[in-house]
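Have the structure open as you read.

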Amino acid sequence: MSVTFVILAALTIASAVAVMTLRNLVHCALALTVTFAGLAAFYLQLGAQFVGFAQVLVYVGAVAILIVFAILLTRGSEPPTERIFSSSWAIGAAIAVAVFGLLAGLIAYSRSLTREIPPAPTITVRQIGDELMSRYVLPLEVIGLLLTAALIGAVIIAMREEAK
Amino acid sequence: MTPLAAYLLLSSFLFAIGLAGALTRRNAILVLIGIELMLNAANLNFIAFWRYAPGSEAVIGIMFVLFSIGVAAAEAAVGLALIISIYRHYKTTNLDQINSMKG
């Protein structure tokens, strides 16, 4: 485990915890941006440059802005005065701890993770483009259709209702 | 600890944080943010397996993550539009107060 990994992991985990515990929603959105940027740095460190830049463009750029707009449109920018966790928070926290315990236990006792490290796969953007246009052309079209439908659907859902 | 196990532990911790937030917070926007965190943890898993698993084909992991990012972006847009529409109707995003399907 390298020093870079430890620093990035500490940053990502701290900001993710901040997202879920802070009171002011705008601060939560800012911490979320830091988490997304940390994940993009992990992708770059693992050698997936294209995915890292896609993460920066889509999450740090678009999704974070979208969430800030939603917070401002729903007047969530003033911090709530009552408590921020729901009434059944203990059950939810227990479920989350149980899920993490199960996953961590399985990872710790797995014997298939102790193999030697294979050489890093080298992949260029040109290869990704070629594959997208040949073998993965149908999923690409489907994702384009899905994004168009989601765009139109989001506009129609959020459109102001006509006064009757 | 091998690097793959470290990455898997990190992503399972992120998944648990997102799950805890989605189950415990009262604000609908933060529930959606928790779901986004869980999706991102899954993406980190894909990339970690692509890098460290032996004998995998070169581009499959990358393609999976790219399509997953696309689906997550569509999900975020529709989810936030739904939250804004619900806010117009109920004048709140507090999930404890939104408890009827109609009216």
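Going from the N terminus, the elements of chain B run α-α-α. That's three helices and zero strands for chain B in this count, and bear in mind that the model is a predicted one. The radius of gyration of chain B comes out at 17 Å, well over the 13 Å the globule rule gives for 103 residues, so chain B is more spread out than a compact globule. Here are some overall values for that chain:

| Property of chain B | Value |
|---|---|
| Box filled by the C-alpha atoms, along the principal axes | roughly 55 × 25 × 15 Å |
| Buried residues | 54% of the 103 residues |
| Share of contacts with a separation of 6 or more that join residues 24 or more positions apart | 51% |

Now for the helix pair. How do helix α2 of chain A and helix α2 of chain B cross? The axes of α2(A), residues 25-45, and α2(B), residues 28-52, come within 11 Å and cross at roughly 5 degrees. Angles under 35 degrees count as roughly parallel, which makes α2(A) roughly parallel to α2(B).

Who's doing the touching? On the α2(A) side, the contact is made by A:L25, A:C28, A:L32, A:L39, A:F42 and A:Y43. Facing them from α2(B) are B:I29, B:L30, B:I33, B:N40, B:L44 and B:I47. Sorted by class, this contact of α2(A) with α2(B) has 11 nonpolar residues, one polar residue and no charged ones.

Terms used: Residues numbered from 1 in each chain as written. Chains lettered and ligands numbered in written order. Predicted model: local features only at pLDDT ≥ 70, side-chain atom pairs only at ≥ 80, totals over all residues. Axes fitted to C-alpha atoms, helices over the stretch in contact; angles between N-to-C directions. Helix = DSSP H or I, 4+ residues; strand = E, 2+ residues; numbered from the N terminus. Parallel < 35°, antiparallel > 145°, perpendicular 65-115°, else oblique. Contact = placed C-beta atoms within 7 Å. Nonpolar A, V, L, I, M, F, W, Y, C, P; charged D, E, K, R; others polar. Rg over C-alpha atoms; globule rule 2.2 N^0.38 Å. Buried ≥ 20, exposed ≤ 12 C-beta atoms within 10 Å, placed from the backbone.
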